Amino acid sequence: MKRHKMKNSIIIVFLLVLVSSCKTIKTNEIKAEANGNTIKLNNPIIKDKYTADPAALVYKDKVYLYTGHDEAPNDFNFYKMNEWLVYSSADMVNWESHPVPLKVTDFTWANADAWAGQVIERNGKFYWYVAISHGTIPGKSIGVAVSDSPIGPFKDALGKAIITNDMTTETKISWDDIDPSVMIDDDGQAYLFWGNSVCHYAKLKENMIELDGPILTISLPNYTEAPWIHKHKNWYYLSYASEFPEKIVYAMSKSINGPWEYKGILNELAGNSNTNHQAIIDFKGVPYFIYHNGATQPNGGSFRRSVCVDKLYYNEDGTMQRIIMTSEGIQK
């Protein structure tokens, strides 16, 4: 009997200590909020919709984020994407949603799949290169839309695809003409990069809606898709999704025409998303890495993805440090 009383006393003391500890933790949390030091979980940055395949444009004092819209029902295990979305931010923390700027139906020659794209500004106009299924030429293609505003609305700039599947013959798959990335070099020459299985690139004319020369290819280790071309200081960077499930890797060059030196992994597997798609920008002197994963639950995953942002760091020799994906994201 005494043993039972002693045991009960020990349990009571333990529970009192536990309750006291819980109260202390709660008090500390309240104090942290009062001091303005609470760490918020800012990733994913868009929580009311599934967003994927991010691209970003720094224009004046804002960042404009362009994404695909994953609309697949919870029991539908493939991509269902009919429109693109646009958001803007002045601080990389607070994001404003704008009206839908572009849909598949805005291209009369296309019939499905609002896949990845990128926007660039030239001479006061904004050009959006997107991957989309062609209505009469089998396979994926690349279209280009134009607007007088970074938030749209955008309209078909060419009335036809700028790239179709029959223009690239290195592989027989129907989805090799996807994931366009565009850059205007320091000398004013614009370039378009794209491709699945094979990385293609070509010069663009100043009007941004016509090719200005032949389509070339780049040999890259374990290249899958999602090329992103950018320049930082004196280096050109070509990052891309590698293997499957996908990691983001990258190569560097002193010239946009290569040769490219492979540098290894930049971003690891994106959690429960088989795909990995990146945008890399500098905003107000700070480099950022924008990507997607399947973090929005309970139904997030490979076909219901969410865009996130974390900081990017360059080493003194120009190489990039591996990305640390966080739930906290960017804090004020």
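Throughout these legends, Ala, Val, Leu, Ile, Met, Phe, Trp, Tyr, Cys and Pro count as nonpolar, Asp, Glu, Lys and Arg as charged, and the others, Gly among them, as polar. The model is predicted: local features need pLDDT of at least 70 and side-chain atom pairs count only at pLDDT 80 or more, while totals for chains, interfaces and linings use all residues. Numbering starts from 1 along each chain as its sequence is written, and side-chain values use heavy atoms, with hydrogens and water left out.

**Figure 1. The largest pocket.** A pocket is an open set of points on a 1 Å grid over the protein atoms alone, with protein on both sides within 12 Å along at least five of seven lines; a residue lines it if one of its atoms is within 4 Å of a point. Volume means the space filled by probe spheres set on the points, which are joined across faces, edges and corners. The largest pocket holds about 500 Å³. Its lining has 19 residues, and those nearest the centre are Met-183, Ile-229, His-230, Lys-231 and Ile-280. By class, this lining has 13 nonpolar, 3 polar and 3 charged residues. Strands are DSSP runs (E, at least two residues), numbered from the N terminus. At least two lining residues come from each of E1, E7, E11 (181–184), E15 and E19 (279–283). E15 supplies the largest share, 5 residues.

**Figure 2. The second largest pocket.** This pocket has a volume of about 370 Å³. It is lined by 23 residues, with Tyr-79, Trp-115, Ile-178, Glu-225 and Thr-275 closest to its centre. The lining comprises 10 nonpolar, 8 polar and 5 charged residues. E15 gives the most to this lining, with 3 residues.

**Figure 3. The largest cavity.** A cavity is a set of grid points where a 1.4 Å probe fits but cannot get out. The model has 2 cavities of 30 Å³ or more. Around it are Ala-116, Gly-117, Gln-118, Asp-179, Pro-180, Ser-181, Ala-226, Pro-227, Trp-228, His-277 and Gln-278. Strands E7 (117–122) and E15 (223–232) are the elements that give two or more residues to this lining. The largest share, 3 residues, is from E15. The lining of the largest cavity contains 5 nonpolar, 5 polar and 1 charged residues.

**Figure 4. The second largest cavity.** About 40 Å³ lies in this cavity. Its lining consists of Ala-52, Asp-53, Tyr-66, Thr-67, Gly-68, Trp-84, Trp-115, Ala-116, Gly-117 and Trp-128. Two or more of these residues come from strand E1 (51–59) and from strand E2 (62–69). E2 contributes the most, with 3 residues. The classes are 6 nonpolar, 3 polar and 1 charged.

**Figure 5. An open sheet of 3 strands.** Strands of a sheet pair through backbone hydrogen bonds, either parallel or antiparallel. Two strands count as paired if DSSP finds at least two bridges between them. The order here is E19-E20-E21, and the pairing is antiparallel. E19 and E21 (306–311) are at the edges; each has a single partner strand, so one side of each has no neighbour in the sheet. From one strand to the next the twist averages 30°, where axes are lines fitted to C-alpha atoms and angles run from 0 to 180 degrees between N-to-C directions. Between E19 and E20 (residues 286–293) the antiparallel pairing runs over 5 bridges. Phe-283 has Val-286 of E20 as its bridge partner.

Notes. Helices (H or I, at least four residues) and strands (E, at least two) are DSSP runs, numbered from the N terminus.
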